[in-house]
Amino acid sequence: MPYWHPDLETHHAALVETLTPLMPCLELSMHLPWVDAIAHLKKSRGAVVMAHSYQSPEIFHGVADVTGDSLALAQAAATCDADIIVLCGVHFMAETAKILAPHRTVLIPDLEAGCSLAASITADDVRALRARHPGAPVVTYVNTSASVKAESDACCTSANAVQVVRAMGADKVIFLPDRFLGAHVASQVDDVELVLWDGRCEVHETFTVQQARHARERFDAALVAHPECPPDVQAEADFVGSTTAMGAWLEKARPQRVALITECSMADNLRVRFPDVEFIKPCNLCPHMKRITLPNIHACLKELRHEVTVPPDVAARARRALERMLDIGRAERV
């Protein structure tokens with residue numbers, strides 16, 4: 001186990017300055033030895049650490065080389081040249097990294113870091129939907145298993161779901177598995193019928209419109225909601241968008257106060273980028289994301305444990321769906 005020593009604060013002075021507003025000083029002193037030890041292991045292993053925006057600040061700011069939403073991490077995995085990728089997120093993200101970087105070793109610090117959306121649908125379910133809606137292409141949210149992606153025509157994230165659905169060029173699209181995200185997308189593609197699945201995110205589905213209104217009325221806060229929230233919460237918000245889109249909206253709007261209706265660590269991590277904005281947190285913790293800790297990242301690197309693999313036939317078919325998502329994203333930027 002790494003131990004604290006006085007030189008750590010000097011050596012990691014910039015990080016200390018970043019994290020000090022986000023946590024008690026005693027907590028910070030507990031994190032620094034792990035941050036330092038992980039830095040040494042990353043160098044010796046030739047590893048890169050990728051962290052989702054829902055990771056705690058000591059991971060997101062302290063040890064991650066690449067940060068962002070699911071789309072950003074997928075893009076980074078596809079172009080990664082490190083020997084080892086440590087994916088600080090949930091299992092479907094690690095699978096996605098392995099599919100897009102088949103010749104890299106992909107590790108996840110905790111194999112039990114799952115996802116309620118990914119657990120809500122199976123490959124058999126997708127095949128049954130195709131049988132009921134012959135000819136309709138399947139667009140699958142990345143919050144799904146590799147086997148479900150393998151049954152899909154294209155993947156998407158909350159950041160590019162509308163673009164991917166439109167790119168199918170079909171009158172009817174099967175959209176899986178998040179019902180609330182699907183309804184949000186349907187509201188923006190009036191000329192396309194979406195067949196939805198009743199999957200929901202356990203973090204976002206529990207937010208209520210009463211919580212949103214309380215944040216606005218009690219704190220005079222702008223409301224920013226993720227599209228996995230229930231429709232009435234989205235309707236109450238000033239802006240609805242993906243984790244990346246939330247940051248872009250804040251950059252433009254610069255509200256005095258904002259309530260981010262999403263996973264709690266999102267606000268913590270954005271506070272560093274927007275120190276002039278007061279963040280109100282009517283938020284929920286993702287129990288799966290919070291399974292990732294500095295100690296298990298250290299153990300993962302030290303012991304090279306919890307390698308994520310995907311059967312080659314499944315990976316090949318899932319890769320086509322993921323690459324179609326990335327290709328659509330590249331076309332949107334041109």
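## The disulfide

Cys-264 and Cys-283 are both buried (under 20% relative accessible area; exposed is over 50%, partly exposed in between, with a 1.4 Å probe and protein chains only). They form a disulfide, with their sulfur atoms 2.1 Å apart (a disulfide is a pair of cysteine sulfur atoms within 2.5 Å). The structure holds 1 disulfide. The torsion about its S-S bond is about 95°, so this disulfide is right-handed. Cys-264 lies in helix H15 (residues 264-273), and Cys-283 lies in the loop between strand E12 (278-280) and helix H16 (294-303), so the pair ties together parts 19 residues apart in sequence. Helices (H or I, at least four residues) and strands (E, at least two) are DSSP runs, numbered from the N terminus.

This is a predicted model: local features need pLDDT of at least 70, side-chain atom pairs count only at pLDDT 80 or more, and totals for chains, interfaces and linings use all residues. Residues are numbered from 1 along each chain as its sequence is written, and side-chain values use heavy atoms, with hydrogens and water left out.

Which cysteine sulfur is closest to that of Cys-229? It belongs to Cys-201, 8.2 Å away, which is too far for a bond. Cys-229 is buried, at 0% relative accessibility.

Cys-300 is in no disulfide either. Its nearest cysteine sulfur is that of Cys-88, 7.6 Å away. Cys-300 is also buried, with a relative accessible area of 0%.

## A parallel sheet

Now to the strands. An open sheet is formed by 4 strands, in the order E6-E5-E7-E8, with parallel pairing. Two strands pair if DSSP finds at least two bridges between them. Strand E6 (154-156) and strand E8 (193-196) stand at the edges. Each has a single partner strand, so one side of each is left without a neighbour in the sheet. On average, neighbouring strands are turned by 30° against each other, direction ignored. Axes are lines fitted to C-alpha atoms, for helices over the stretch in contact, and angles run from 0 to 180 degrees between N-to-C directions.

Strand E5 (residues 138-141) runs parallel to strand E7 (residues 172-176), and 3 bridges join them. Val-138 has Ile-174 in E7 as its bridge partner. Helix H8 (residues 123-132) packs on the sheet and touches E5, E7 and E8 (contact means heavy atoms within 4.5 Å). The direction of H8 makes about 165° with that of E7. Helix H11 (residues 179-186) packs on the sheet too, touching E5, E7 and E8. Its direction makes about 175° with that of E8.

## Salt bridges

Side chains of opposite charge can pair when their charged atoms come close. A salt bridge is a side-chain nitrogen of Lys or Arg within 4 Å of a carboxyl oxygen of Asp or Glu. By this rule the count is 18. In one of them, Arg-127 joins Glu-151, with the closest N and O atoms 2.8 Å apart. Arg-127 lies in helix H8 and Glu-151 in the loop between helix H9 (146-150) and E6, so the pair ties together parts 24 residues apart in sequence. Arg-127 is partly exposed at 39%, whereas Glu-151 is buried at 13%. A network of salt bridges links Asp-124, Arg-127, Glu-151 and Arg-317.

Arg-179 and Asp-198 also meet in a salt bridge (3.2 Å, N to O). This pair links distant parts of the chain, 19 residues apart: Arg-179 is in helix H11, and Asp-198 is in the loop between E8 and helix H12 (209-219). Asp-198 meets Arg-200 in a salt bridge as well (3.2 Å, N to O). Arg-179 is partly exposed at 31%, Asp-198 is partly exposed at 47%, and Arg-200 is partly exposed at 33%.
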